[in-house]
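Colleague: I am new to reading protein models. Can you take me through this one, feature by feature?

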Amino acid sequence: IRAKSTDDIVRRIDYGHKLMGLYPQTKDEATLLAMNDYLLAYVSMMVHIPNHNCALLADMCYYMLRTEHQAFMTHSSGFGSMQAMRLQVTFYMLCSMSDYALEEQKNKKQDGNDDHIMQQLQSAIAMMKGLGLSDVLVVQGYSLAYHAMAYTYEQHGDLHSMMFYNKRHEFATYEAYRLNADNMEAARRYAGAVDETGRLFYMVMHNRRQAEPCFKKAYAMFERLYKANPTGTIVNDLLLSTYNQTLMLSEDHRHEDVCNLAARTLQTVAERHTNSDTDRGLLACLQEIYGKSLAQLGHYDVAERHLREAKQTYSAALDAAPDNEKCMRDMALICNAIANFLLSKGSDRQSVMAEIDEGERLLLRALEIQPDSVKAVGNFIGLLSTKVKALILLRDAAAIAESLQLFDALTTQRTLRLRDTTLVPVAMGVYRDLTALARNTGWDDMADHLQQIHDTTIDILVKNRLIKRQ
């Protein structure tokens, strides 16, 4: 925070590392507490610097917590409120840095350090529980710790532990909210915890009956908080809560409920659509699912308007970050959605192919940036599926052959090269759908050709021991 230059930051970082090295040798309590003052400021500064090492910061916080805990216990007969506050702040910082560290490792696909961080969190929680402190800061620390642990268990596929710690996370945020009910941040965190419980029930446990009341409760809280104070990023909480709920409703074919909820939220946040705090990706996702549900209900003109609005929102995000691979994929996905809509509407070939070509250019660029991105390849498979559907309806055999060649490169050839079968079921499903479409339109020669490609692909993958023949 006080650094005047990059070199100054580096010097401060080096000094922080040297202090860390002194911890095992230093025994004097006053010296250790003085070090803690420096390190707490150091951690607070480092968290604002891009590409910081959150696992290292979490280690620092753990060292500090042990020192503060020892000081607290040494003076327990006559300790002041200042020492108790130092302990609580250090605990909160440890939980916060650990949360960041576990997410950082997941994003970078790093394994191996999860156990170390989880053990530190468990030890820290045991320390604090043993003291019986129950102030809001401590409870918020518990909530962060439990959230990090639930998230880690989700990544490891341990669903029982995931739900156990997630419910503890939800209870901790409720306790913090109960202790400080007038605080907007405490209420926002509790609503977020309830929404996260709904997400886990729906997306991980596939339990819609349990998920829906969680989504409704979280939405009601976020809506009330937004109306009370619409500034800041509370708008994104409301958008995400709405999107989670509409996604579930859409999969259940409850399209009228989707439209009612989406329209309500979009109207509520109308004045914030172009605000810098608003997550345009979330806004566009909601506009897109609203447009798709309107199309399902036969309201084609209104549906197209909302799909076009979603595309404009995605386009603005891409203009702001022209080299962002995710923005490219988001834009390509809405191009594919509009192309599918135009196909179902019976629009002219030029309109359909314009959307597909735009999406194809974006995904080719995304694959230049991330050549082995499973998400980009998966998006491309979906786009090519739409493209070949359109070409089957147009009976354009030459263009179909060209598209299938690219499809094979993205699916079969990629699977052979990387020995990654993630997208094989998707590719086989596309071949089956295209074969059925060609058959239904009376183009039997093309249907037979597509079936042959499907069967040959299966033979190749079986021969290379990538899948087993069903």
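Modeller: Gladly. This is a predicted model. In helix 19, the buried residues are Met446, Ala447, Leu450, His454, Thr457, Ile458 and Leu461.

Colleague: Why do the buried residues of helix 19 line one face?

Modeller: First the general idea. An α-helix has 3.6 residues a turn, so residues three or four places apart point the same way. Now the case here. Looking down the axis of helix 19, you find its buried residues within an arc of 120 degrees, so they line one face of the helix.

Colleague: Which exposed residues does the face turned away from the buried side of helix 19 carry?

Modeller: That face carries Asp445, Gln452 and Lys463, which are exposed.

Colleague: What covers the buried residues of helix 19?

Modeller: The cover includes helix 16 (374–394), helix 17 (397–418) and helix 18 (424–440).

Colleague: How many residues does helix 19 have, and what does it reach from its first C-alpha to its last?

Modeller: Helix 19 runs over residues 444–463 and has 20 residues. Its reach is 28 Å, close to the 28 Å expected at 1.5 Å a residue. Arg465 follows helix 19, and its phi is positive, near 60 degrees.

Colleague: Where is His253 found, and is it buried or exposed?

Modeller: His253 sits in the loop between helix 10 (234–251) and helix 11 (255–268). It is exposed, with a relative accessible area of 63%. Arg419 is another case, with a positive phi near 55 degrees. Arg419 lies in the loop between helix 17 and helix 18.

Colleague: Now the whole protein. How many helices and strands does its secondary structure come to?

Modeller: There are 19 helices and zero strands. Of the 470 residues, 48% are buried. Next, look at contacts between residues at least 6 apart in sequence. Of these, 65% join residues at least 24 apart.

Colleague: Which residues touch the most other members of the largest nonpolar core?

Modeller: That core has 93 residues. Leu239, Ile334, Phe380, Ile392, Ile400, Phe407 and Leu450 touch the most other members. You met Leu450 among the buried residues of helix 19. Phe407 shows what such contacts look like. Setting aside neighbours within four places in sequence, Phe407 contacts Ile381, Leu384, Ala427, Val430 and Tyr431. A second, separate core has 45 residues, including Val43, Leu57, Ile117 and Ala145.

Colleague: How do I read a contact between residues apart along the chain?

Modeller: Compare sequence with space. Leu137 and Val89 are 48 residues apart along the chain, and 7.2 Å separates their C-alpha atoms. Leu137 belongs to helix 6 (residues 136–156). Beyond neighbours within four places in sequence, it contacts Met85, Gln88, Val89 and Tyr92. Leu137 is partly exposed, at 27% relative accessible area.

Definitions and conventions
Residues are numbered from 1 along each chain as its sequence is written. This is a predicted model: local features need pLDDT of at least 70, side-chain atom pairs count only at pLDDT 80 or more; totals for chains, interfaces and linings use all residues. Side-chain values use heavy atoms; hydrogens and water are left out. Helices (H or I, at least four residues) and strands (E, at least two) are DSSP runs, numbered from the N terminus. The expected span of a helix is 1.5 Å times one less than its number of residues. Buried means under 20% relative accessible area, exposed over 50%, partly exposed in between (1.4 Å probe, protein chains only). The arc is that of the directions from the helix axis to the C-beta atoms. Contact means heavy atoms within 4.5 Å. A nonpolar core is a set of buried Ala, Val, Leu, Ile, Met, Phe, Trp, Tyr and Cys residues joined through side-chain atoms within 4.5 Å.
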